[in-house]
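Subject: Model handover

Hi,

Here is the structure for you to look at. My notes on it follow below.

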Amino acid sequence: MGHEILGEVVEGNSGFSAGERVVVEPALGCAARGIEPPCPYCASGHYALCVNAAKGDISPGIQTGFCGDTGGGWSEGTLVAHPSQLHRVPDEVPDEAAVAIEPLACAVHAALKVTPGPDETALVIGAGSVGLFVVAALRQLTDAGRIICVAKHERQREEALRLGADEVVHPREIYGELTKALGAEVYAPELGKPVVMGGAEKVFECVGAQGTIEDATRLCAPGGEVALVGMPGARSCLDLTALWHKEVRLAGAYAYGVEEYRGEKVKSFELAMRISPEIKLATLVGPRFRLRQYREAIAAARSSGRNGHVKVVFDHRG
Ligand SMILES: [Zn+2]
């Protein structure tokens, strides 16, 4: 239940015609704001990092859905998007898959930003939609030697394995079964969480909670890298002892842009569209709710892991 948006073009111009199926890339960079010349980030394809998010022709806001002038996926009226934000949906990609292209593109970006090599282990902490999509992107787009996913619920466990995880462990086993699988040693300090000697070379934190961010740094190998894919809470008081002691690098992984992928410059959205049939993306979407059922929809999204849902969506049609 983010603000990923699938729709049809109402007024066709700038290369799109009315009725075409499109997905919206929400980042509101210089092009969408009518700013010329673009800032250096937009000019290099990293428009999610645009520094002009409060300037230009439209109200401040980093994304569609957070800007007073554009509307969003939860609005009843017409949503306004700049042609630079639109991606055509190929016929072979059904609506159910298209609506999940946006979060999958975030996962593609994370996997290509902190990329594990063939001799490395990628640890994905969390198996909500973000964590599962990161597992899929790692398997489809990188040469990761081994992928381990931390998943709490049965459906998450099954999907993580289907999407390419080699092993799945329960969160209560991270300082036991997981560290054993990583060949790491666990020690109990006088204060705080366990100290882990060893760990995974690349860790993807896909929850965004204080505890799991701390776990991510602890379970990372010395000199390794942690990608923060989950959105961290506004107020965090983190114990970063492991980050300091193991010289772990912490990298933000936000949204999408233009990726360098096997010698090709390609948008994260295009790569997400490309891998979506292979991973049977459509099977991860549902149930659907009408906008007027928003209470049930939010309740379903809040308990999605427990109830076996991966991506709960609104359907405005009809
Ligand atoms: Zn910009």
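In which loop is Ala255 found? Ala255 is in the loop between strand 11 (249-252) and strand 12. Helices (H or I, at least four residues) and strands (E, at least two) are DSSP runs, numbered from the N terminus.

Two points on conventions. Residues are numbered from 1 along each chain, as its sequence is written. The model is predicted, so local features need pLDDT of at least 70 and side-chain atom pairs count only at pLDDT 80 or more, while totals for chains, interfaces and linings use all residues.

Ala255 has a positive phi of about 60°, although it is not a glycine. It counts as partly exposed because 19 other C-beta atoms lie within 10 Å. The cut-offs: a residue is buried with 20 or more other C-beta atoms within 10 Å of its own, exposed with 12 or fewer, and partly exposed in between; C-beta atoms are placed from the backbone.

Lys280 also has a positive phi, near 50°, and is a residue other than glycine. Lys280 lies in the loop between helix 9 and strand 14. With 12 other C-beta atoms within 10 Å, Lys280 is exposed.

There are cis peptide bonds to check too. One joins Glu36 and Pro37, with omega about -10°. Pro37 sits in the loop between strand 2 (21-24) and helix 1 (40-43). Another joins Gly286 and Pro287, with omega about 0°. Pro287 is in strand 14 (residues 285-289).

**Domains**

The chain is divided into domain 1 (5-102 + 282-314) and domain 2 (114-254). These bounds come from an automatic or database domain assignment. The contact takes seven residues from domain 1 and nine residues from domain 2. Two residues are in contact if their C-beta atoms, placed from the backbone, lie within 7 Å. On the domain 1 side, the residues that touch domain 2 divide into three nonpolar, two polar and two charged. For those classes, Ala, Val, Leu, Ile, Met, Phe, Trp, Tyr, Cys and Pro count as nonpolar, Asp, Glu, Lys and Arg as charged, and the others, Gly among them, as polar. The domain centres, taken over C-alpha atoms, are 29 Å apart.

**Helix packing**

Start with helix 3 (residues 101-113) and helix 4 (residues 129-141). They pack at an angle of about 55°, with their axes 8 Å apart. Axes are lines fitted to C-alpha atoms, for helices over the stretch in contact, and angles run from 0 to 180 degrees between N-to-C directions. Helix 3 and helix 4 are therefore oblique to each other. Angles under 35 degrees count as roughly parallel, over 145 as roughly antiparallel, 65 to 115 as roughly perpendicular and the rest as oblique.

On the helix 3 side, the contact includes Pro103, Leu104 and Cys106; on the helix 4 side, it includes Ser129, Val130 and Phe133. By class, this contact has 15 nonpolar, one polar and no charged residues.

Helix 3 also meets helix 9 (residues 268-275). Their axes come within 8 Å and cross at roughly 110°. That makes helix 3 roughly perpendicular to helix 9. Helix 3 contributes Ile101, Leu104, Ala105, Val108 and His109, and helix 9 contributes Ser268, Phe269, Leu271, Ala272 and Met273. The classes here are eight nonpolar, two polar and no charged.

Which residues of helix 9 are buried? They are Ser268, Phe269, Leu271, Ala272 and Met273. Their cover includes strand 3 (86-88), helix 3, helix 4, strand 12 (258-261) and strand 13 (264-267).

In helix 7 (residues 210-218), the buried residues are Ile213, Glu214, Asp215, Ala216, Thr217 and Arg218. They pack against strand 4 (121-125), helix 6 (174-181), strand 8 (195-197), strand 9 (200-205), strand 10 and helix 8.

**Two single residues**

Gly230 is in the loop between strand 10 (220-228) and helix 8 (241-245). Is Gly230 buried or exposed? Gly230 is buried, because 22 other C-beta atoms lie within 10 Å. Beyond its neighbours within four places in sequence, Gly230 is in contact with Gly126, Val130, Glu205, Cys206, Val207 and Gly208.

Ile298 is in helix 10 (residues 294-302). With 13 C-beta neighbours inside 10 Å, Ile298 counts as partly exposed.

Best wishes
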